[in-house]
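Please go through these points with the structure open beside you. They are meant for a first reading, and each can be checked by eye.

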Amino acid sequence: MMKKIAVLPGDGIGPEIVAQAVRVLRALEPHGLKLEMVEAPVGGTAYDLTGDPLPRATLDLARSADAILFGSVGGWQWDTLPRDKRPEQAILGLRKELALFANLRPATIYPELAAASTLRPEVVSGMDVLIIRELTGDIYFGQPRGLRTNAAGEREGFDTMLYAESEIRRIARVGFESAMKRNRRLCSVDKANVLETSQLWRDVVTETAREFPQVELSHMYVDNAAMQLLRNPRQFDVIVTGNMFGDILSDEASMLTGSIGMLPSASLNADRRGLYEPIHGSAPDIAGRNIANPLATILSAAMLLRYSLDQDGFARRIEAAVSGVLQKGLRTGDIADKGQAVIGTREMGDAVVAALG
Ligand code: IPM
Ligand code: MG
């Protein structure tokens, strides 16, 4: 059956890296994959065209699609716009509008890249953590928020950290279900020693654990988790955490794997429709120079096939092709060892397409 993919390249390096992921998907079509890919502007690019970072037409396309392939948004030229016009509102709006509450960020180390990590290879080798980040609640979306002047005439900024128990329970279930498919260990990360929101988080996760007696649940404070990820990342199987802590810990975990340019993500709603994007940003400093690493986006396309299209076979094929090109020693600048030859964004796309067989 023909599946519809909304392709939203966005800003900065987004268009270059998404183009390579689209090529990889197209290369699977002769093997039986049937995709209708429709592109639309998003982020700062969309703001420049329409005055809105998430235009109605783009949102409608995203709503009508079976899955969304997303690049990245943001850039210095839009940083001074009012908040509701900034590129970041596009990705936040898509997450909220499509109820993409479950963000899966696998941080796996490829044996060939262990030396590219800033940590010693013996610390990171074998690391395989799945970070599950809640994506539609927390301090990102809690109301009230704003800027105001207080009684002393001083400016104040405020945000609200807020979780309803139903929001915690549904992401906890995703955590336990994912752990059941892996090594059955779930670590819930919070700040229950200080925050009320986190106390509720911990209570609800503990209650939910009763539905999953085979999973070993542990709890960790977020500061300790940040430290443990650097000390011994192999101790983790699945981590489940809130929106803010997950944002920070997933960037940290990505760097352990050698490069933020390697990590894909899936953001899923209750019917498994999803948005797939690299976890890195738009890197405006290197945009348009054919040097960005497209592998995180290509691996995001593999996750798209697996989670939203039920095409695990094609997903594995892409993942095997990526492993293959790394084994051959092909590297973009971000993952190259000193002295190793470096190839460009397009050439990396060529190599993955060739390795698909
Ligand atoms: C991410 C990004 C986004 C976030 C930004 C671009 C709004 O950092 O996907 O991790 O904070 O969620
Ligand atoms: Mg982030």
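1. Two strands pair if DSSP finds at least two bridges between them. Keep that in mind for the hairpin formed by β6 and β7, which has five residues between its strands. The model is a predicted one. Strands β6 (residues 146-149) and β7 (residues 155-158) run antiparallel and are joined by four bridges. One pair to look for is Arg148 with its bridge partner in β7, Glu156. In the turn, Gly153 has a positive phi of about 80 degrees.

2. Next, look at the loop between β5 (128-134) and β6, where Pro144 is placed. The peptide bond joining Gln143 and Pro144 is cis, with omega about 0 degrees. Most residues other than glycine have a negative phi, and most peptide bonds are trans. That background also applies to another loop. Ala283, which is not a glycine, has a positive phi, near 40 degrees. Ala283 sits in the loop between β12 and α10.

3. Which strands make up the open sheet, and in what order? There are 10 of them, in the order β2-β1-β3-β12-β11-β4-β5-β10-β8-β9, with mixed pairing. At the edges are β2 (35-39) and β9 (216-221), each pairing on one side only. From one strand to the next, the twist averages 20 degrees.

4. Within this sheet, take β3 and β12 as an example of a pair. Strand β3 (residues 67-72) and strand β12 (residues 274-278) are parallel and share three bridges. Ala67 has Gly274 in β12 as its bridge partner. Strands of a sheet pair through backbone hydrogen bonds, either parallel or antiparallel.

5. Two helices that pack on the sheet deserve a look. Helix α3 (residues 56-64) touches β1 (3-10), β2 and β3, and its direction makes about 145 degrees with that of β1. Helix α10 (residues 295-307) touches β1, β3, β4 (102-108), β11 (264-268) and β12. The direction of α10 makes about 35 degrees with that of β11.

6. Finally, turn to the ligand. Which residues surround ligand 1? They are Glu88, Arg95, Arg105, Arg133, Tyr140 and Asp247. Sorted by type, this shell has five charged residues, one nonpolar and no polar.

7. Some distances around the ligand can be checked directly. An N or O atom in the side chain of Arg95 is 2.7 Å from an oxygen atom of ligand 1. For Arg133, a polar side-chain atom is 2.8 Å from an oxygen atom of ligand 1. For Asp247, the distance from an N or O atom in the side chain to an oxygen atom of ligand 1 is 2.9 Å. On its own, ligand 1 has 320 Å² of accessible area, and the protein covers 75% of that.

Technical notes. Residues numbered from 1 in each chain as written. Chains lettered and ligands numbered in written order. Predicted model: local features only at pLDDT ≥ 70, side-chain atom pairs only at ≥ 80, totals over all residues. Heavy atoms only, no water. Near = heavy atom within 4 Å. Polar contact = N/O pair within 3.5 Å; in protein donor to acceptor, adjacent residues only side chain to side chain. Areas by Shrake-Rupley, 256 points an atom, 1.4 Å probe, with all protein chains shown as cover. Nonpolar A, V, L, I, M, F, W, Y, C, P; charged D, E, K, R; others polar. Axes fitted to C-alpha atoms, helices over the stretch in contact; angles between N-to-C directions. Contact = heavy atoms within 4.5 Å.
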